[in-house]
Amino acid sequence: MDSLLRLPRQVRKAIRNEWYHATARLPVRPDVVLYEAFGGRGVLCHPEAIFRELLGAEDLQHLHHVWVLGEDVAVTEHLREIEQHPRVSFVRRGSYAYVRALATSGFLVNNATFPAAFAKREGQVYLNTWHGTPLKRMGHDEPGETAATRNVLRNFLMCDFVLSSSPYMTSTMYESAYRLLNIYPGRIIEEGGPRTDRQVLDRGARSEVRQQLVEAGLDLGTGTERIVLYAPTWRGASFSDAADDALDLLTRTQHLSRLLGAGHRVLLKVHQQVYDLALTHPEAAGQLVPNEIPANAVLAVVDVLVTDFSSILFDALATDLPLVLFAPDLTEYAATRGLYLAEDELPGPLVTDLEAAAERILAVGSGSQLDPQVTHALVYRAAKERFAAKDDGLASKRVVDVVWRGRTQGLSVSPVRSDGRTTVLIYLGGLKSNGITTSALNLLRSIDHSRFDVTAVYRHSGRGDRAINAGRIPPEVRRLARIGRFTTGKAHRRKRRRLLQQGGDMSPQQLQKMLALLNAEWRRCVGSARFDHLVDFSGYSPFWSFLMAEAPTSHRSIWLHNDLKADQMRMVDGARPFEHHLGAVFSSYRFYDNLVSVSEALRDINAEHLAGFAPASKFTFARNTIDAQGILAAAAGHPDAAREWPGDHILEPIPSADEDADELVATPDVLAVQHDVPHLQEEIARRLALGAVPPRSSRTRFVTVGRVSPEKNHARLIRAFAALLARHADAELVIIGDGPLLEGVRGLAESLGVAECVHFTGLLHNPWALMADCDVFVMSSDYEGQPMVILEARVLGLPVVSTAFGSVGGAIPPGSGLVVERSEEALTEGMAAALRGEVPNPPFDAQRYNDEAMAEFYRAIGAT
């Protein structure tokens, strides 16, 4: 194990990938139970309580128990005693023994998550106990796209059982925060928290806990002192990135002890993720409760609990322990993380300074108005009934009855609630900033979420435009980010790549092998969840088109955003880079019910060109929707009164139209975060866009937006524009976008002598601001699907001149814009007509258009 840790990270990942692949073929051992708590921090929490119940059950003595310990967790005397039991063994997290046990144990118990490479196998039973009733917002309820959501939801969807302490936890966490509503295939056990069984102790057991604390070096006094337990929650973005606030907590504990004075002893119990950090400080001696002594056992021997947003608050309710809620960062925490309960629902006083907390503690039992037992008596009783009604000391037995004995009579064991909506899973593609991503996000905003429960699946990326676009997924949509690697082993991974490239040339035997691999990968990503409709909205990836072909569903649809045969044959630098992989995508069409083009004309083109892969009856169409309000707001830098905003000083270094933007490399999102003014993001992006070109003059400004690639034919546009300038010197052209042919197109403008009138901006975060500052939109494509930029130009009120590619009618209906032949001469004449004001430009009714497009979408996927 130590030698593995010395290897580079990528090498370790590759080795473990091979382990996962190899162990997935070993038989499952039904009599083995594997436990993991807090990523291997010890024998802890709900898994420990269930373990002890199973270990002592006379009818379950055949079970062998395997505990997971983290790579850096020391085996203490307490753990060594457990390990010496003949039916107990330990494995180190990340080792081969761990991967093997994870793949072969018949029962899996975790209070958090297994790694991203894990996939539950046939024959395994997975119980997730989670580690507490939520007070702070979780999962999809947290602001922004959180790291924790990804692997937690994936793990939950594999579970046969998830554990809930109360109806509140079921609805708040499982149904809302992690969106298991409608799609979770397992059952919820709502029978209290097993770890709270440790709180129900007789006098002898309480004496043993006190003795453990004393032996750990904690001063509990003579027995007459009041024991105060300070147990705050952890801070950080994820378990793997806990904030190091250990020294602050230790200092705070010492200060509280001084404030309380003689007659009190203050103990500190930190979260598992902070414990190792706390041990590094000498101040921990005599204050820090050892990790191996359960917090719930400590609750049975203390007199007052001081906490903040930790779920220990709910555990303590069963003990009738007086509570003081001390949250010095209340305002910041509530704003950034958010809380589920209002202050008047909390079963104890909420204070923000240590002196006030000390006053409340000193008042316990006094009967005064500072006594939390007096001021919060009614709220406490209501909270106990709401959150801890089944924390009676027998929760572990009831869980064991359900999972291991199959007894459910008289117990609360049920599937997750369904609200009757139709479930739809949509693969969004790579989430790069392009037309497909824009169309996908617009679709998610336009779907009727009262009728459809929508899940967006995409490949996770933590940086760049992919991360930004993931953050733009509407909050109504469940996010299921694909994380981790395809655990097939190196040899099988190569074979899978070859098979996907072969596409239609695969033999039936090869196809079955590949689909079996992809079936396992689908279960790793999505668990056992089933959806009524599956949509591959990208339509360009053979991996995803075949992966979704293996997913269980009633209807399966794939999108065709372009003349795909033309895309397949597209030449770039003398080669056809998309020939093989698009051919493989075409061969997957046999598994789909609906092949959906993005315009009626494009449907006919694809039906003709791809007739060898699917019958005409499968081809249908649905136009893309448009986010008109978002485009107009972005173009204006919404909100528009920027000078009145707090923090407007950040706009001073942002180049205006007469300044050079080349030195500014930070994205608007980065600038907004750095200066703590996210409300300025759109205005920053607007000024960056406007600063990407020279100041406006009296010239008519043409603009085009799109990837600089062969099908867009920017070369024809440059030549046509050069011919226009020879006749009308009062024009200029703005080209927004990036791509493989950019330098060649730039060189063409220089060779034709028009470089001073052609402005290249590259990719812009907010192209609409610059588009709105132009006069005419022009497009020179040879073929397109349904170009969203034409619809965006119409939303911004720009007249449109476009070449006559096959599907142009879906974006420019009769009476709107000007469609010309695909020649330099015709395009020059079209732009000249725009200079004369002869291009029709009626108002665009975006709402009516979207209503029609969404009706087409529902019909196309068979969901009418």
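**Close-up views of a predicted model**

**View 1. Helix α29 spans residues 714-727.** With 14 residues, α29 reaches 20 Å from its first C-alpha to its last, close to the 20 Å expected at 1.5 Å a residue (the expected span is 1.5 Å times one less than the number of residues). Helices here are DSSP runs of H or I with at least four residues, strands are runs of E with at least two, and both are numbered from the N terminus. The buried residues of α29 include H714, R716, L717 and F721; buried means under 20% relative accessible area, exposed over 50%, and partly exposed in between, using a 1.4 Å probe and protein chains only.

A quick note on the model: it is predicted, so local features need pLDDT of at least 70 and side-chain atom pairs count only at pLDDT 80 or more, while totals for chains, interfaces and linings use all residues. Residues are numbered from 1 along each chain as its sequence is written, and side-chain values use heavy atoms, with hydrogens and water left out.

**View 2. V306 sits in strand β10 (residues 304-307).** Setting aside neighbours within four places in sequence, V306 touches V228, L229, Y230, A231, V324, F326 and I361 (contact means heavy atoms within 4.5 Å). P322 is 16 residues from V306 in sequence, and their C-alpha atoms are 8.7 Å apart.

**View 3. Helix α2 (residues 9-23) packs with helix α5 (residues 96-104).** Their axes are 9 Å apart, at an angle of about 35 degrees; axes are lines fitted to C-alpha atoms, for helices over the stretch in contact, and angles run from 0 to 180 degrees between N-to-C directions. From α2, W19, Y20 and T23 meet a group in α5 that includes Y96, Y98 and R100. The contact residues split into seven nonpolar, two polar and one charged (Ala, Val, Leu, Ile, Met, Phe, Trp, Tyr, Cys and Pro count as nonpolar, Asp, Glu, Lys and Arg as charged, and the others, Gly among them, as polar).

**View 4. N182 is found in the loop between α7 (167-177) and β7 (187-190).** N182 isn't a glycine, yet its phi is positive, near 80 degrees. At 15% relative accessibility, N182 counts as buried.

**View 5. D320 lies in the loop between α12 (312-316) and β11 (323-326).** Here's another residue that isn't glycine but has a positive phi, about 60 degrees. D320 counts as partly exposed, at 45% relative accessibility.
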